[in-house]
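Subject: A structure for you to look at

Dear colleague,

I am passing on a structure that I would like you to open beside this message. Please read my notes slowly and follow each residue in the viewer as you go.

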Amino acid sequence: MKYSIYSVMFGFFIMGFVDIIGIATSYVKNDFSELTDSRVNLISFFCFLWFLILSVPTGLLMNKIGRKKTVLLSFLITTLAMCFPLINYSFISIIIAFALIGIGNTILQASKVAISLGFRPIFPFQLSNLFSEIPMQKD
């Protein structure tokens with residue numbers, strides 16, 4: 001229990017990298033002068049689009065491999081995303097880095113919430129499981 005608070009706090013620290021997207025897009029626009037404002041905004045839009053695409057599959061992955069391994073996978077993907085432009089700084093590498101940041105943060109936010117709340121995620125279409133915990137009032 002002593003170390004679990006550190007892992008949750010580290011998860012929130014990593015989730016802060018999603019905030020780097022707004023700052024980094026302005027640097028990308030300055031470095032690649034051929035980009036217009038709308039194209040730069042599309043980069044951040046596609047990064048956040050991963051939340052829509054991967055939220056449910058992340059829950060299914062979490063059920064399969066476990067919550068802790070899913071969080072570790074997200075840390076690995078986010079770290080790779082932050083290091084990728086250091087290896088090769090080109091427009092393609094920036095696009096790949098933003099995509100990996102979006103993927104890593106989606107996996108992290110979906111799995112870390114389950115860890116911090118301490119419940120096992122249910123399959124999203126099993127609404128009966130969701131409502132079975134609610135006590136019904138008898139008339």
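Lys 112 has its place in helix α5, where helices (H or I, at least four residues) and strands (E, at least two) are DSSP runs, numbered from the N terminus. At 3% relative accessibility, Lys 112 counts as buried, a word that here means under 20% relative accessible area, with exposed being over 50% and partly exposed in between (1.4 Å probe, protein chains only). The C-alpha atom of Lys 112 is separated by 6.4 Å from that of Val 71, although the two residues are 41 apart along the chain. Val 71 belongs to helix α4 and is itself buried, at 8% relative accessibility. Between the C-alpha atoms of Val 71 and Gly 104, which are 33 residues apart along the chain, the separation is 9.1 Å.

Before going further, please keep in mind that this is a predicted model, in which local features need pLDDT of at least 70 and side-chain atom pairs count only at pLDDT 80 or more, while totals for chains, interfaces and linings use all residues. Residues are numbered from 1 along each chain as its sequence is written, and side-chain values use heavy atoms, with hydrogens and water left out.

As for the overall picture, the protein has six helices and zero strands, so that reading along the sequence gives the pattern α-α-α-α-α-α. Of its 139 residues, 32% count as buried. If contact is taken as heavy atoms within 4.5 Å, then among contacts between residues at least 6 apart in sequence, 78% join residues at least 24 apart.

Helix α4 has 21 residues and reaches 31 Å from its first C-alpha to its last, which is close to the 30 Å expected at 1.5 Å a residue; the expected span is 1.5 Å times one less than the number of residues. The buried residues of α4 are Thr 70, Val 71, Ser 74, Phe 75, Ile 77, Thr 78, Ala 81 and Pro 85.

How do α3 and α4 pack? Their angle is about 125°, with the axes 7 Å apart, where axes are lines fitted to C-alpha atoms, for helices over the stretch in contact, and angles run from 0 to 180 degrees between N-to-C directions. The two helices are therefore oblique to each other, since angles under 35 degrees count as roughly parallel, over 145 as roughly antiparallel, 65 to 115 as roughly perpendicular and the rest as oblique. Thr 58, Leu 61, Met 62 and Ile 65 in α3 meet Arg 67, Lys 69, Thr 70 and Leu 73 in α4. In the loop between these helices sits Gly 66, which is partly exposed at 23% relative accessibility.

The largest nonpolar core has 16 residues, and those with the most contacts inside it are Val 28 and Phe 98; such a core is a set of buried Ala, Val, Leu, Ile, Met, Phe, Trp, Tyr and Cys residues joined through side-chain atoms within 4.5 Å. The elements that give two or more residues to this core are α2 (20-31), α3 (37-65), α4 (67-87) and α5 (91-117), and α5 gives the most, with six residues. Leaving aside neighbours within four places in sequence, Val 28 is in contact with Leu 35, Ile 43, Ile 94 and Phe 98. Thr 25, in helix α2, is buried with a relative accessible area of 9%, and it touches Val 40, Ser 44 and Phe 98, not counting residues up to four places away in sequence.

Finally, there are three aromatic pairs, counted when rings of Phe, Tyr and Trp (its six-membered ring) have centres within 6.5 Å, with planes under 30 degrees apart called stacked, over 60 edge-to-face and the rest tilted. Phe 32 and Phe 91 form an edge-to-face pair, at 5.8 Å centre to centre and 70° between the planes. This pair links distant parts of the chain, as Phe 32 is in the loop between α2 and α3 and Phe 91 is in helix α5, 59 residues apart. Phe 32 is buried at 12% relative accessible area, whereas Phe 91 is partly exposed at 29%. Ring pairs join Phe 32, Tyr 89 and Phe 91 into a cluster.

With best wishes
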